[in-house]
Amino acid sequence: NLVGFPGGAKSEVYLKALVEASKDNGDKLAFAEGLGDDPDRRALVFVMDSDAFSPFVAEQYHQFHDGFAMGEGYPQSYNDIAFKMAKAGTLG
């Protein structure tokens, strides 16, 4: 899990909003500064500096799919986003 914004973990405005959003949703996540090749960790979100790590659209099969856990199916409207973006040429 990761989130990126200008300044990353050093951005007081974005980081404060991120922590508040986490608290508003049960405070189930921890945050750490992302370094670029971070391992997956349950309930840990890496905060990336989007100035240092430019965002890009990932492979289509990684986008807009159902979750991996049993019963973690998302609505078809969510799954259809990948098809619409691929058709428009905006999905990698």
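Trainee: Is Tyr78 buried, exposed or partly exposed?
Mentor: Tyr78 is partly exposed, with a relative accessible area of 32%. Buried means under 20%, exposed over 50%, and partly exposed in between, using a 1.4 Å probe and protein chains only. Bear in mind that this is a predicted model, where local features need pLDDT of at least 70, side-chain atom pairs count only at pLDDT 80 or more, and totals for chains, interfaces and linings use all residues. Side-chain values use heavy atoms, leaving out hydrogens and water, and residues are numbered from 1 along each chain as its sequence is written.

Trainee: How many aromatic pairs are there?
Mentor: The structure holds 2. Rings of Phe, Tyr and Trp (its six-membered ring) pair if their centres lie within 6.5 Å; planes under 30 degrees apart count as stacked, over 60 as edge-to-face and the rest as tilted.

Trainee: What about Phe5 and Tyr14, how far apart are the centres?
Mentor: Their ring centres are 5.0 Å apart and the planes make 25 degrees, so that pair is stacked. Phe5 is buried at 6%, while Tyr14 is partly exposed at 44%.

Trainee: And which kind of pair do Tyr74 and Tyr78 make?
Mentor: Edge-to-face, because the planes stand at 90 degrees, with centres 5.3 Å apart.

Trainee: Switching to the sheet: what's the strand order?
Mentor: The order is 1-3-2 in an open sheet of 3 strands, with parallel pairing. Strands are DSSP runs (E, at least two residues), numbered from the N terminus, and two of them pair if DSSP finds at least two bridges between them.

Trainee: Which strands stand at the edges?
Mentor: Strand 1 (2-5) and strand 2 (30-33), each with a single partner strand.

Note on methods
Helix = DSSP H or I, 4+ residues; strand = E, 2+ residues; numbered from the N terminus.
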